[in-house]
Amino acid sequence: MKKSRDFNDILDECLERLVKGGTIEECLASYPDLAAELEPLLQTAVAVRQASVIQPHPDFRAKARYQFHSALQAMESKKSRSFFGWQRRWVTAVTVVFVLLLAGGGTVAAASNSMPDNPLYPVKLATEQVQLILTPSDIGKARLCLRLADRRVAEIVYIANKNKPEQVENVIQRLDNHLVMIASLISGQRKDGSILMVPSEQAGVDNDVHIQANGRVNLRIMIASYAINHPAALRAALEKSPDSVKPALRRAIAISVAGYEKALMALD
Amino acid sequence: MQDEESLVRRAQQRDQGAFAQLYEEYFDKIYRYVVLRIGNETEAEDVTQQVFLNTLQSISSFRWKGAPFSAWLFRIAHNQVVDYLRKKTRQATESLDESLIISKSDPQLVVEKKLDIEQLMLATKRLTKAQQEVIALRFVSELSTTQVAKAMGKSEGAVKALQHSAIVALRKVLSVG
């Protein structure tokens, strides 16, 4: 019994050594008396380890990450829907508007076409945040997020061409946030049992069914179009871009494919 | 990765960055564990996603009482796998191609021929549940003996004995076919 327990300890020690980069031979040299017994077991353990080094498929990895972040965002948005959450968002909006007014309309206009390597780019992002906060309906927000995603893709292509991997990553993160928000807004609407309509559409109560269908169809067309165009634009950029930004661009492609697919599924 | 305890505490306070780090750290390990336990890569994807969604929902209930976070996370994975297998008891084994079983009489040839994941999945089905669990946790997800012991609720000595018997049994299955 004692011998068996000792052998288990030695086997475990050898397995641990293998994990840390050691070899079977080194272990056998440490325990020559047990070499005959240890060797076949260690060979089997190494074979098992080698066979099991499987990587999740990149598409699955991207989808899973997306779903996880969506769930995380959904939990977060539940929290922020409290009174104080809304109050804080409005204070932020008013503050940003005030700052932008001080900066002047010309600055805001000039910033609207700025790229991530431009000093006015933060103004552009701040303006977008204000637009998002002040957009009343979820469907309106979803449409705005789609337009912002379109901008982000254009920025990724531009900045990748400039060979700035860090900035590419930052923009990809923003793209991911937009796509997560789109699916979350659509899912949130459906969970609440409410109807996906823009405010102006809500006036025509008699035509509810027709209007609802139109709102959903328009949104679907927009998403379906971007679902094709954005990955295509990013793939084209991938072919021409420097090697240093290629990994980021591949991630952007995976994120956009998964993001739009999720949005379309949420609409179903 | 930064100190796991502080990372988990931040995740419990809904810090998205902390959650993301934990997710990236454990995603591949959990996926490999699930693949080996249920024997189907496609269905392992759904189960893996569910493990992390369950983690997200229940992380506030995790307490540091000697057991590492990994042990708790792999318990969730284990429960999810058990739940899956309960629902699809027969399907889980039938989905594997029986022709994949290795029929070499010499174990040396087996390891030299390079075992692949399908063969490994099929072979582990011939082991006891506890042996399957220890192979998946120890060799596939690469947890330490201490972590495996915590995850399985056994002593380290018991885990060492179990891993010994599991390797012997696996070798036997691979050699007999």
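In this predicted model, α8(B) packs its Glu133(B), Val134(B), Leu137(B) and Arg138(B) against Val148(B), Ala151(B) and Met152(B) of α9(B). By class, the residues of this contact are 5 nonpolar, no polar and 2 charged.

The geometry of the pair follows. Helix α9(B) covers residues 145-152, and its axis comes within 10 Å of the axis of α8(B). The two axes cross at roughly 140°. Angles over 145 degrees would count as roughly antiparallel, so α8(B) is oblique to α9(B). Their crossing is right-handed.

Helix α8(B) also belongs to the side of chain B that touches chain A. The contact between the chains takes 35 residues from chain B and 27 residues from chain A. On the chain B side, each helix in the table supplies at least two residues.

| Helix of chain B | Residues |
|---|---|
| α2 | 16-38 |
| α3 | 41-58 |
| α6 | 107-112 |
| α7 | 117-124 |
| α8 | 129-140 |
| α10 | 156-176 |

The largest share, 9 residues, comes from α10(B). The side of chain B that touches chain A divides into 20 nonpolar, 7 polar and 8 charged residues.

Now to a helix of chain A. Helix α3(A) runs over residues 35-51, 17 residues in length. From first C-alpha to last, α3(A) reaches 24 Å, close to the 24 Å expected at 1.5 Å a residue. Its buried residues are Leu38(A), Leu41(A), Leu42(A), Thr44(A), Ala45(A), Ala47(A), Val48(A) and Ala51(A). An α-helix has 3.6 residues a turn, so residues three or four places apart point the same way.

Methods
Residues are numbered from 1 along each chain as its sequence is written. Chains are lettered from A and ligands numbered from 1 in the order in which they are written. This is a predicted model: local features need pLDDT of at least 70, side-chain atom pairs count only at pLDDT 80 or more; totals for chains, interfaces and linings use all residues. Two residues are in contact if their C-beta atoms, placed from the backbone, lie within 7 Å. Helices (H or I, at least four residues) and strands (E, at least two) are DSSP runs, numbered from the N terminus. Ala, Val, Leu, Ile, Met, Phe, Trp, Tyr, Cys and Pro count as nonpolar, Asp, Glu, Lys and Arg as charged, and the others, Gly among them, as polar. The expected span of a helix is 1.5 Å times one less than its number of residues. A residue is buried if 20 or more other C-beta atoms lie within 10 Å of its own, exposed if 12 or fewer, and partly exposed in between; C-beta atoms are placed from the backbone. Axes are lines fitted to C-alpha atoms, for helices over the stretch in contact, and angles run from 0 to 180 degrees between N-to-C directions. Angles under 35 degrees count as roughly parallel, over 145 as roughly antiparallel, 65 to 115 as roughly perpendicular and the rest as oblique. A crossing is left-handed if the near helix is turned anticlockwise from the far one by less than a right angle, and right-handed if clockwise.
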